[in-house]
Amino acid sequence: MNHMLEEIVKHYPNAQETQKQLLIQRWNMLKAMSDGIIEEWLSFEDKMGAFREHTVLPPMFPLGDTPEMGMESFVRGQGYFKLLMYRQSIQQFSQIVYDYPDSLLARMYIAMAHLHLEETSEALEHFQWILPLAEHKKLKAMIYNALGCIQAKLADTGKAQEYFTLSLQNDPTLPDPLINLQVCNQNRGQLQYGSQLISLI
């Protein structure tokens, strides 16, 4: 699907009228497939959420009393996040934060979604709110790694390396900060963040 979409984007501007019609047909087919996949995924997430609501599962780390995790908005927000639909994910988790202002996990998703959207100031605001309240080392490690990515995007390599080091000190098993240190040192590659967030619960 990605390859077909890239081909449409590449050829459409210079295509003749008949070829444009063909490309539009392909785009409509992709759109229908994409909508179907999203609906299937959200249905799957709803079932996962229903199971989780009635089953005691051990969390990756203790987050305290988190009733918001049983909310439909949480399940949908997480589904959108996994589908890389960050704007929709933010909308869902923002509803949760309205009802549960102290929800670290909902704010973490919002912060990471903003970071993926290159909205660093919004992401930074949420990360700075979460960090003093984060008690578990894995959560702290993820926040420090994200803060390092923000500093790297702002071209402050020294501060970025400092945050990545703090991330590794809190959780040496987290792969992202080690990769990001190499990106900073070699000045090439892609920053990694958020890959562990989906496995939080």
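Select Asp 171 in the loop between α8 and α9; helices are DSSP runs of H or I with at least four residues, numbered from the N terminus. The model is predicted: local features need pLDDT of at least 70, side-chain atom pairs count only at pLDDT 80 or more, and totals for chains, interfaces and linings use all residues. Residues are numbered from 1 along each chain as its sequence is written, and side-chain values use heavy atoms, with hydrogens and water left out.

Asp 171 has a relative accessible area of 8% and is therefore buried (under 20% relative accessible area, 1.4 Å probe, protein chains only). Now show Lys 138: its side chain makes a polar contact with that of Asp 171 at 3.0 Å (a pair of N or O atoms within 3.5 Å, where within protein one must be able to donate a hydrogen and the other to accept it, and residues adjacent in sequence count only if both atoms are side-chain atoms). Leaving out residues up to four places away in sequence, Asp 171 touches Lys 137, Lys 138 and Ala 141 (heavy atoms within 4.5 Å).

Next, go to the largest nonpolar core, which has 42 residues (buried Ala, Val, Leu, Ile, Met, Phe, Trp, Tyr and Cys joined through side-chain atoms within 4.5 Å). Met 108, Met 112, Leu 115, Phe 127 and Ile 143 touch the most other members. Colour α3 (72–82) and α5 (104–116), which are among the helices that each supply at least two residues of this core; α5 gives the most, with 10.

Centre on Phe 127. Beyond its neighbours within four places in sequence, its contacts include Met 108, Ala 111, Leu 147 and Ile 150.

Finally, zoom out: the chain has nine helices and zero strands, and 40% of its 201 residues count as buried.

Conventions
Buried < 20%, exposed > 50% of the residue type's maximum accessible area, 1.4 Å probe, protein only.
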